[in-house]
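Subject: Model handover

Hello,

The model we discussed is placed below. My notes on what was found in it come after.

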Amino acid sequence: MSERLPDSPPDRPSDSPAGRLPERLLPLLDVQLGFERAHLACLRAAEAGDEDALHRGRAARLSAMRALITARAAAGADSAPDRDLLRLAALAALEQESADPA
C-alpha cells in the first residue's frame, strides 16, 4: 500500500508529480508544463537545425514564459523554492508522459 502525505487528498497519490506539490501550486502546473514543452521544442528544433521551427519555438517559449511569470506572480508563488518545485514536478510529469505508451 502506498503511503500518502498527510495533506494529500485520496484522488491525488503522493507518488505522482502533482502529489509532491503543495496545493497552492497545483493550478500552476499546467502553465509550467506549457513552458517546458515549448522549451523542449526549441531544443529539438536547434538539434535538427530547423531554423523556421526554432524561430517559431522561441516565440512560443517567450509567450509561455510570460504566462508562467504572470501566473506565478498572481498566485504569490514566485520564490525560488516555488519555482524549483514547479519545474521539477513539470519535468517529472513530462518524463512520466513519455514513459506511458498511451
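**A buried aspartate**

D82 has a relative accessibility of 7% and therefore counts as buried (buried means under 20% relative accessible area, exposed over 50% and partly exposed in between, with a 1.4 Å probe and protein chains only). D82 is part of helix 3; helices (H or I, at least four residues) and strands (E, at least two) are DSSP runs, numbered from the N terminus. Leaving out residues up to four places away in sequence, D82 touches R24, L25, G76 and A77, where contact means heavy atoms within 4.5 Å. One of these, L25, is in contact with A77, D82, L85 and L86, its neighbours within four places in sequence again set aside.

**What the model is**

This is a predicted model, in which local features need pLDDT of at least 70 and side-chain atom pairs count only at pLDDT 80 or more, while totals for chains, interfaces and linings use all residues. Residues are numbered from 1 along each chain as its sequence is written, and side-chain values use heavy atoms, with hydrogens and water left out.

The mean pLDDT of the protein is 86, and 79% of its residues reach 70 or more; pLDDT is the predictor's confidence in each residue, from 0 to 100. Over residues 1-13 pLDDT stays under 50, and the model has 16 contacts beyond four places in sequence for that stretch.

**Overall layout**

The protein has three helices and zero strands, and its elements run α-α-α from the N terminus on. Of its 102 residues, 29% count as buried. Among contacts with a separation of 6 or more, 59% are between residues 24 or more positions apart.

**The core**

Which residues make up the largest nonpolar core? There are 11 in all: L21, L25, L28, L29, L33, A77, L86, A89, A90, A93 and L94. Helix 1 (29-48) and helix 3 (80-99) each supply at least two residues of this core, and the largest share, five residues, comes from helix 3. A nonpolar core here is a set of buried Ala, Val, Leu, Ile, Met, Phe, Trp, Tyr and Cys residues joined through side-chain atoms within 4.5 Å.

**Helix 1**

Helix 1 has 20 residues and spans 28 Å from its first C-alpha to its last, close to the 28 Å expected at 1.5 Å a residue; the expected span is 1.5 Å times one less than the number of residues. Its buried residues are L29, Q32, L33, F35, E36, A38, C42 and A45, and they pack against helix 2 and helix 3.

Q32 lies in this helix and is buried, with a relative accessible area of 3%. Not counting residues up to four places away in sequence, Q32 touches L68, R72, L86, R87 and A90. Its C-alpha is separated by 9.4 Å from that of I69, 37 residues apart along the chain. After helix 1 comes G49, whose phi is positive, near 75°.

**Helix 2**

The N-terminal end of helix 2 is capped by D50, with a side-chain oxygen 3.3 Å from the backbone nitrogen of D52. Helix 2 covers residues 51-75, which is 25 residues, and reaches 36 Å between its first and last C-alpha, close to the expected 36 Å. Buried in helix 2 are L54, G57, A64, L68 and R72. These buried residues pack against helix 1 and helix 3. Just after the helix, G76 takes a positive phi of about 70°.

**Helix 3**

Helix 3 has 20 residues and reaches 28 Å from first C-alpha to last, close to the 28 Å expected. Which of its residues are buried? They are D82, L86, A89, A90, A93 and L94. Seen down the helix axis, these buried residues fall within an arc of 135°, so they line one face of helix 3; the arc is that of the directions from the helix axis to the C-beta atoms. On the other side of helix 3, P81, L88, E95, S98 and A99 are exposed. What covers the buried residues of helix 3 includes helix 1 and helix 2.

Regards

Definitions and conventions. Polar contact = N/O pair within 3.5 Å; in protein donor to acceptor, adjacent residues only side chain to side chain.
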